[in-house]
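Dear colleague,

My notes on it come after.

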Amino acid sequence: MTKPASLGTGEARTRLHELTVIDVRTPGEYRGGHLPGALNIPLDQIQRALPDIRRSAERGDVLVVCASGTRSENACRILADNRIAAATLSGGTGAWAAAGHDLHYPQGAACATSAAWSMERQVRFTAGTIVLIGLLLGVLVHPAFQILSAGIAGGLVFSALTDTCGMAALLAKLPHNRPRTADLDNTLAELRNR
């Protein structure tokens with residue numbers, strides 16, 4: 001697989017006015033701060049949005065953004081498989097903020113301090129909790145419970161080797177990480193009107 005085209009934060013900032021920016025993070029992450037003008041279409045909803053993204057790509061360049069660049073690269077591959085050209089933001093919103101560029105917050109979102117946790121943080125918390133529970137149950141109840149901890153460790157190694165994360169895919173299905181149907185419909189309508 002070839003790596004999708006990418007834009008650095010400086011080039012993206014310069015061209016922001018001419019780009020259609022699609023943020024593929026969860027709605028909670030998006031509320032925690034996003035690029036100005038970015039539309040939230042979570043990675044697991046990209047297939048549903050393909051016709052609207054295709055029309056947008058025919059009118060101009062599409063930039064796909066996530067927290068660090070991994071999910072946006074996956075989204076770009078899905079788009080490329082459907083013959084839709086798109087680029088990813090190198091380093092994601094983390095690199096954007098680190099470069100001193102402003103993040104925008106949806107109306108009603110106070111600021112980043114009250115934002116939902118990033119998917120990476122949710123995965124670290126969940127994996128760590130399961131490992132601790134497995135170790136604790138292994139000491140207090142039966143040593144066989146330590147297999148739970150070993151399973152998580154194996155999953156983390158597999159995740160690193162394949163640059164995928166099954167736990168993140170599961171966590172993305174939790175209600176706080178899912179867009180309401182009406183929100184996604186509104187986002188797609190806005191994309192059509194750009």
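Predicted model: local features only at pLDDT ≥ 70, side-chain atom pairs only at ≥ 80, totals over all residues.

Residues are numbered from 1 along each chain as its sequence is written, and side-chain values use heavy atoms, with hydrogens and water left out. Helices (H or I, at least four residues) and strands (E, at least two) are DSSP runs, numbered from the N terminus.

The strands

Strand E2 (residues 20-23) is joined to strand E4 (residues 62-65) by four bridges, and the two run parallel; strands are taken to pair if DSSP finds at least two bridges between them. Within this pairing, Val-21 stands opposite Leu-63, and Asp-23 has Val-65 as its bridge partner. E2 also runs parallel to strand E3 (residues 39-40), with two bridges between them; there the partner of Asp-23 is Asn-40. E4 in turn is joined by two bridges to strand E5 (residues 87-89), again in parallel, and Leu-63 stands opposite Ala-87.

In a regular strand the side chains alternate between the two faces of the sheet. In E2, both faces are covered: Thr-20 and Ile-22 on one side, and Val-21 and Asp-23 on the other, are all buried. Here buried means under 20% relative accessible area, exposed over 50%, and partly exposed in between (1.4 Å probe, protein chains only). Both faces of E4 are covered as well, with Val-62 and Val-64 buried on one side and Leu-63 and Val-65 buried on the other.

Helix H6

Helix H6 (residues 119-140) has 22 residues, which at 1.5 Å a residue should span 32 Å; its end C-alpha atoms are 31 Å apart, which agrees. The expected span is 1.5 Å times one less than the number of residues. Its buried residues are Met-119, Gln-122, Val-123, Ala-127, Gly-134 and Gly-138. These cover an arc of only 125 degrees around the axis, which puts them on the same side of H6; the arc is that of the directions from the helix axis to the C-beta atoms. On the other side of H6, Arg-124, Leu-132, Val-139 and Leu-140 are exposed. The cover over the buried residues of H6 includes helices H2 (27-31), H4 (70-81), H7 (146-162) and H8 (166-171), where contact means heavy atoms within 4.5 Å.

The largest pocket

The largest pocket holds about 1100 Å³ of space. Of the 40 residues that line the largest pocket, Glu-29, Arg-71, Met-119, Glu-120 and Ala-168 are the closest to its centre. A pocket is an open set of points on a 1 Å grid over the protein atoms alone where a 1.4 Å probe fits, with protein on both sides within 12 Å along at least five of seven lines; lining residues have an atom within 4 Å of a point. Grid points are joined across faces, edges and corners, and the volume is the space filled by probe spheres set on the points. H6 gives the most to this lining, with six residues.

Two loop residues

Arg-83 is in the loop between H4 and E5. Its phi is near 60 degrees, a positive value in a residue other than glycine, and at 76% relative accessibility Arg-83 counts as exposed. Ala-144, in the loop between H6 and H7, is partly exposed, with a relative accessible area of 40%.

With kind regards
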